[in-house]
Amino acid sequence: MRQHLSLLLLSSLCIGLSSHADSGRAAEPPEKVAQRVDAVVHQLWQQSGVTPAMPASDEEFLRRAWLDLAGVAPPASAIRAFAASSDPAKRAGSVDQLLETPLFANHQADHWFNVLLPGDATAGRQDEADELRNWLRRQFAEDTDYDDLVTRFLTAGGPDDAGPAAFYVSLDVQPEKLAAATSKIFLGIQLGCAQCHDHPFESWKQHEFWGYAAFFARLRSDTRNGQVYVQNLMQGDVRYPPTDEIVPATFPGRDSAVDDRLGNRRKQLAIWMTSKANPFFALWGANRTWHHLMGRYLVEPEEFGRAVQQGSSDDFRVQALQILADDFTASDFDIRRLYRVIARTHTYHLTSRDATAVQQRAMAAMVVKTLSPQQFFDTLARNVYRRHGTDELEAQKRQFVARMRSTENDPRQYPHGVVQVLGVMHGPELAAATTGESAGLIRALDMPLLSDADRIEWLFLETLSRFPDPDEQEVFAQTLTQVPRDQRSGIWADMVWALVNSPEFATCP
Amino acid sequence: MGTAIDRRTFHRLSLSTVAGVAASPWAGALAARAGNQLAQSGRHCVILWMAGGPSQIDTFDMKPQHANGGSLKETATAVPGMRFSEHLPELAKLASHLSIVRSLSTREGDHERGTALMRTGHPLGGPVPYPAIGSSLSKSLDDQTGSLPPYISIGSSGGFGMPSPGFLGPKYAAMPVQGQPPAGDDAFADLSVNNLQLPRGVSPERFSRRMDLLAAVGRDRYRAALPTAIAAHQTQYSRASRVLRSQAGEAFDLDQEPDDIRRAYGNGIFGQGCLLARRLIERGVRIVEVTLGQAAGWDTHADNFDTVPSLCGELDAGWSSLLRELEERGLLASTTFLWVGEFGRTPQINNAAGRDHFPNAWSCVLGGAGIQGGSVFGATTADGMEIADKPVNEQDILTTLCRALGINPRSENITPEGRPIMISEGNAIEEILA
């Protein structure tokens with residue numbers, strides 16, 4: 001605890017100093033920051049004795065960038081244009097374009113929705129869940145900086161600021177649950193273990209947990225006109241279970257409690273949490289963004305708390321993360337810039353083909369990530385149905401997401417069981433994808449002047465973001481010969497079915 | 001048997017195309033697991049879920065000497081000294097397979113909370129979403145080679161009635177079988193699995209063509225190392241397609257059973273569900289849950305004394321038939337039963353000739369493999385209001401169930417946050433373990 005406090009003071013001094021010296025840093029081109037990160041990762045490779053994978057192909061990269069930044073697979077037109085372009089900066093160009101589309105805000109909203117309301121936390125609370133998602137999308141559409149976003153989220157209250165209410169209500173507005181969840185999500189600290197006993201792996205004590213929980217003690221949920229919101233209270237305390245004493249609101253790592261006269265507890269917490277002097281905030285923000293794009297953390301959660309507390313700089317992973325965190329902080333927590341920087345790294349451009357576990361662990365190859373239910377549905381809707389933005393589609397998306405949600409947060413896993421798979425194979429989404437009436441792609445195939453090979457190619461591009469291999473072309477073309485010409489629309493539908501049910505459609509390379 | 005392609009023909013047709021996918025990435029998995037499943041090796045568990053809260057004082061812990069006992073009568077069974085409701089005559093003959101626990105005491109009197117408590121061993125709103133015991137048990141017992149999912153729930157009315165896999169995730173969720181009540185007096189309840197049927201407009205040939213196309217996609221892409229996500233996707237699709245196209249899918253076709261057998265189990269959802277449970281166990285399914293009480297069920301706040309005999313009739317027919325048929329097939333020696341609901345009912349009778357929620361002192365029944373049949377454990381007071389002897393709680397029952405199945409109740413599953421959670425934390429009732 002003691003070394004903790006001094007670390008915070010020290011780092012606040014350092015950052016105070018460095019932010020003057022490095023205010024030029026935020027203006028540093030993203031490529032330069034990316035190169036510095038790559039240089040450290042390169043040292044990690046050498047230390048691990050690993051040969052890095054080859055760079056990803058154009059097709060592979062474009063699918064990855066679209067899914068990671070826009071939440072949908074690229075349309076055939078974008079793939080063809082990208083393949084045909086000889087612009088040496090086309091990959092960076094794609095990333096920049098994707099960051100500017102409304103799809104980025106959409107995807108961020110879905111991504112954070114899954115983090116804030118995992119599994120079946122939304123059961124029976126659909127309206128509040130929708131409010132939260134809309135609130136999130138607005139934040140990202142308005143280019144809100146990360147510290148402002150977290151501050152707004154932590155201090156939301158009142159009937160006109162009901163967006164984040166679903167998060168609070170899903171945790172029963174209980175201080176200990178809010179403490180465990182917020183420390184994990186925004187600081188990378190697994191305080192939850194310390195609820196009942198001193199943390200087994202890190203230096204967090206049980207009393208510190210309850211001091212943090214106290215920041216959420218003066219809250220309750222309320223309803224107006226059927227809408228749920230969170231309300232601040234003037235009173236409210238938590239008690240330390242072993243002694244039943246009231247625990248005042250105390251920041252982890254400090255000895256003295258906050259002064260309740262200085263303001264609302266949640267506001268004080270937000271100021272502390274999002275401060276540039278709080279090393280956990282920027283480091284974890286950078287770590288989770290890296291995880292979003294790379295499929296694995298730069299510094300594993302189990303090691304994160306200790307790495308920050310010890311301030312270890314021997315570890316190349318921690319060094320690389322520090323570069324990202326420093327740039328994130330210097331840019332005043334510009335979210336799009338952080339994504340831009342990471343997407344510029346050579347590490348992000350490596351292929352996932354034939355990657356070994358050793359390579360993946362050392363960031364020397366990309367990891368194949370499973371699509372979230374939202375990415376799956378949005379891709380199906382945009383590329384196969386060729387519709388988007390209708391209320392009907394939103395309702396269908398909600399139903400699909402509700403069926404397919406899980407608490408799994410590791411994108412390397414495929415979390416679905418036989419029941420979900422049967423639901424995908426025979427459920428309403430694939431039914432809509434396989435009739436001309438609802439699937440614009442199938443209707444569009446009727447266009448004259450296309451050869452069957454062209455049509456098969458188009459289907460592969462819209463679903464798997466790549467051209468078919470020769471043997472795939474052969475098998476697919478062969479199927480067309482099995483039926484008379486007037487039944488061919490059924491074959492196109494069968495091809496769509498096969499492509500959408502393939503492992504490739506459900507993954508990001 | 002109409003002229004349209006029926007399910008049996010579909011299966012013959014789809015099996016004939018298995019050869020067509022021999023060259024595909026599917027072939028390895030399919031070929032390795034072809035052939036009959038070993039239903040006889042390994043253990044099975046049947047959970048008979050009495051939705052609504054079954055009245056212990058009108059079934060297995062009757063009080064004929066007390067006013068609270070009410071108008072229903074008890075009778076002797078095949079086990080000397082063990083007496084229970086006369087409305088369970090077939091079960092009475094099979095009493096040597098049953099162990100009645102009369103001293104169950106829990107603390108949740110709300111349907112949703114009581115259901116969660118009894119199913120998971122933990123109250124709702126805890127630090128983690130705990131899995132239903134069926135999910136934990138199926139995870140321990142399943143060897144991943146079966147054609148059918150290892151955990152199937154029949155006739156649950158959905159909502160909180162449906163067991164949840166909690167932090168174990170959807171892979172360990174029960175596969176739900178929906179039940180429709182019989183359409184007429186001579187008809188049988190209809191049990192079906194969502195999405196097991198081919199969609200309208202998709203013939204068996206068309207489905208085979210789709211699967212062949214699917215097999216061809218990315219066939220040669222992964223030579224050196226199969227990414228985790230791809231491998232897991234292939235595994236789950238492999239399992240799902242096995243359910244669809246192998247023998248296992250026809251397990252759900254109760255039309256294959258002779259009518260007199262179907263009638264012996266009882267026409268309703270519970271009876272037909274017990275028959276389906278037998279078929280599923282024969283095919284290697286590990287955990288089957290059958291719900292009795294789709295509407296108000298056992299929640300007899302009113303008309304207790306008319307409703308309970310009727311429910312007992314369904315219970316008696318289904319459960320006794322299942323016991324007998326499993327024994328005939330040599331499967332009873334490896335199948336453990338748990339009969340339970342979310343709580344019991346008040347010994348005092350209310351103004352509507354009914355009984356209300358009562359978790360304080362109630363009963364459940366264990367039986368089959370690993371259980372000392374023909375026994376009674378614990379007792380309530382003469383008026384049924386309190387436990388008189390050897391109180392046990394929900395954790396103790398679930399721990400006993402684990403032990404009867406040969407599973408270590410203290411073995412742990414890890415939550416996504418890295419927290420170890422034991423399957424069950426109570427004390428096993430040694431006296432009723434075989």
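For B:Cys274, the nearest cysteine sulfur belongs to B:Cys45 and is 13 Å away. B:Cys312 is likewise in no disulfide, the nearest cysteine sulfur being that of B:Cys274 at 14 Å. Both positions are buried (under 20% relative accessible area, with exposed over 50% and partly exposed in between, for a 1.4 Å probe and protein chains only): B:Cys274 has 0% relative accessibility, and B:Cys312 has 0% as well.

A word on provenance: this is a predicted model, in which local features need pLDDT of at least 70 and side-chain atom pairs count only at pLDDT 80 or more, while totals for chains, interfaces and linings use all residues. Residues are numbered from 1 along each chain as its sequence is written, chains are lettered from A in the order in which they are written, and side-chain values use heavy atoms, without hydrogens and water.

I turn to salt bridges, meaning a side-chain nitrogen of Lys or Arg within 4 Å of a carboxyl oxygen of Asp or Glu. A:Arg466 pairs with A:Glu472 at 2.8 Å, N to O, and with A:Glu504 at 2.8 Å. A:Arg466 and A:Glu504 are 38 residues apart. A:Arg466 is buried at 3%, and A:Glu504 is buried at 11%.

In chain B, B:Asp142 and B:Arg239 form a salt bridge, with their closest N and O atoms 3.4 Å apart. This pair ties together parts 97 residues apart in sequence.

Terms used. A disulfide is a pair of cysteine sulfur atoms within 2.5 Å. Helices (H or I, at least four residues) and strands (E, at least two) are DSSP runs, numbered from the N terminus.
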